[in-house]
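Subject: Structure handover

Hello,

Here is the structure for your files. My notes on the contacts follow below it.

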Amino acid sequence: MRHVFLGVLLLSPPLAAQDAAPPQGLARLDALVGKWRGVSSGEPGDGAVERECARVLAGRFLECRTTVTYPPQEKDKKGEVHVDVAYFSYDRSATVLRLRQFHGEGFVNTYRETEPLVFVTDAIENIPAGWRAREQYELDGDAWRETFSLAQPGKEFEVYSRASLMRVK
């Protein structure tokens, strides 16, 4: 019996090789991998965006690190630097892409993809109950356009900011 088990182990592909393949659903976001720069405008004012996206944790997740620098301007005399880290994953059980964003201001947004490249929150931490957020992405070669919208409790989404990024690497 031990020889049969050993034979099955020897003939089977290595477990690490079986687990190394990234989830098929996440592969749709491979175009996001790289370094990006651009501009943002909206409620916080006009700013400069830097973003880097890479596969992490054996390719099972896509991590995007973003910094938006808003210089002193009419809307904010002191200026501001916004940072966030986002993780995309593919939920095989629900067959949907998920997005989790961790913001320097303390917000944690948990999204699910509702249509291609449109993510709507299931939950937002550290904000009054009832708020919702939506991320919409448009990819065109080396251009990435992003619209971030918020909805107050009981209200429709309103655009909070828009970003236009170009691939730099």
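The link between Cys 53 and Cys 64 is right-handed, with 115° about the S-S bond. The two sulfur atoms are 2.2 Å apart and form a disulfide, the term being used for a pair of cysteine sulfur atoms within 2.5 Å. By this rule the count comes to 1 disulfide. The pair links distant parts of the chain, 11 residues apart: Cys 53 is in strand β2 (residues 47-56) and Cys 64 in strand β3 (residues 61-70). Strands are DSSP runs of E with at least two residues, numbered from the N terminus. Cys 53 is buried, with a relative accessible area of 2%, and Cys 64 counts as buried at 3%. Buried means under 20% relative accessible area (1.4 Å probe, protein chains only).

Before the rest, the conventions. This is a predicted model, in which local features need pLDDT of at least 70 and side-chain atom pairs count only at pLDDT 80 or more, while totals for chains, interfaces and linings use all residues. Residues are numbered from 1 along each chain as its sequence is written, and side-chain values use heavy atoms, with hydrogens and water left out.

On the aromatic side, the structure holds 7 pairs. Rings of Phe, Tyr and Trp (its six-membered ring) pair if their centres lie within 6.5 Å, and planes over 60 degrees apart count as edge-to-face. The rings of Trp 36 and Trp 144 have centres 5.1 Å apart and planes at 85°, so this pair is edge-to-face. It links distant parts of the chain, 108 residues apart, with Trp 36 in strand β1 (residues 34-42) and Trp 144 in strand β9 (residues 143-151). Both Trp 36 and Trp 144 are buried.

Last, Ser 89, which lies in strand β4 (residues 80-91). Ser 89 counts as buried at 8% relative accessibility. The side chains of Ser 89 and Arg 100 are joined by a polar contact of 3.0 Å (a pair of N or O atoms within 3.5 Å; within protein, one must be able to donate a hydrogen and the other to accept it, and residues adjacent in sequence count only if both atoms are side-chain atoms).

Regards

How values were computed: Helix = DSSP H or I, 4+ residues; strand = E, 2+ residues; numbered from the N terminus. Buried < 20%, exposed > 50% of the residue type's maximum accessible area, 1.4 Å probe, protein only. Phe/Tyr/Trp six-rings, centres within 6.5 Å; stacked < 30°, edge-to-face > 60°.
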